[in-house]
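Subject: Handing over the model, with notes

Dear colleague,

Here is the structure I promised to pass on to you. My notes follow below it, and I would be glad if you read them with the model open.

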Amino acid sequence: MHTVLWSDEALEALAQLWAHADPLLQVAITAAVHRIDKRLGDDPENAAESRDGLKRVWLDFPLGVLFKIDPAKKAVHLGKVWTFRKRR
């Protein structure tokens, strides 16, 4: 089990995304945040795609997050969050 820590930058971006979303998207964002916290807290090593160095990316519609794992502290540090749309 890992502790999921959202950076101030990620929390501010999340707040802005939520504030500018319509009610349906707000519900989807809230649900995605809960799933991200659960999945990355449970098994971050197998939950995402690796990127440069220690960075990893996880997509859970409608959110994407960029994060690093600190195995020594059993922590996941989320640095960035963004929204994306599904292709039609």
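**Around D60**

Leaving aside residues up to four places away in sequence, D60 touches A32, R35, I36 and F84, where contact means heavy atoms within 4.5 Å. Please keep in mind that this is a predicted model, in which local features need pLDDT of at least 70 and side-chain atom pairs count only at pLDDT 80 or more, while totals for chains, interfaces and linings use all residues. Residues are numbered from 1 along each chain as its sequence is written, and side-chain values use heavy atoms, with hydrogens and water left out.

D60 lies in strand 3; helices (H or I, at least four residues) and strands (E, at least two) are DSSP runs, numbered from the N terminus. With a relative accessible area of 12%, D60 counts as buried (buried means under 20% relative accessible area, exposed over 50% and partly exposed in between, with a 1.4 Å probe and protein chains only). The side chain of D60 also makes a polar contact, at 2.6 Å, with the side chain of R35; a polar contact is a pair of N or O atoms within 3.5 Å, of which, within protein, one must be able to donate a hydrogen and the other to accept it, and residues adjacent in sequence count only if both atoms are side-chain atoms.

**The sheet**

The strand that holds D60 belongs to an open sheet of 5 strands with the order 1-5-4-3-2 and mixed pairing, two strands being paired if DSSP finds at least two bridges between them. The edges are strand 1 (3-6) and strand 2 (49-50), each of which pairs on one side only.

Strand 1 and strand 5 (residues 75-83) pair in the parallel sense over 4 bridges, and V4 has V76 in strand 5 as its bridge partner. Helix 1 (residues 8-19) packs on the sheet, where it touches strand 1, strand 4 (63-70) and strand 5, and its direction makes about 35° with that of strand 5. Helix 2 (residues 23-42) packs on the sheet as well, touching strand 1, strand 3 (55-60), strand 4 and strand 5, with its direction at about 25° to that of strand 4. For these angles, axes are lines fitted to C-alpha atoms, for helices over the stretch in contact, and angles run from 0 to 180 degrees between N-to-C directions.

The pairing of strand 4 with strand 5 is antiparallel and extends over 8 bridges, with W82 in strand 5 as the bridge partner of G64. Strand 3 and strand 4 are likewise antiparallel, over 6 bridges; here D60 stands opposite L63, and W58 has V65 as its bridge partner. Strand 2 and strand 3 run antiparallel and are joined by 2 bridges, and E49 stands opposite V57 in strand 3.

**Turns to check**

Most residues other than glycine have a negative phi, and most peptide bonds are trans. Strand 3 is joined to strand 4 by a hairpin through 2 residues; P62 sits in this loop, and the peptide bond from F61 to P62 is cis, with omega near 10°. In the hairpin of strand 4 and strand 5, with 4 residues between them, the turn contains K74, which has a positive phi of about 50° although it is not a glycine. At 44% relative accessibility, K74 is partly exposed. The hairpin of strand 2 and strand 3 has 4 residues between the strands, and G53 takes a positive phi near 60° there.

**The two helices**

Helix 1 and helix 2 pack at an angle of about 150°, with their axes 9 Å apart. That makes helix 1 roughly antiparallel to helix 2 (angles under 35 degrees count as roughly parallel, over 145 as roughly antiparallel, 65 to 115 as roughly perpendicular and the rest as oblique). The contact is made by L14, L17, W18 and A19 of helix 1 together with Q26, I29, T30 and V33 of helix 2.

Q26, found in helix 2, is buried, with a relative accessible area of 17%. A polar atom of the Q26 side chain lies 3.0 Å from the backbone oxygen of W18, and Q26 touches W18, A19 and A21, again not counting residues up to four places away in sequence.
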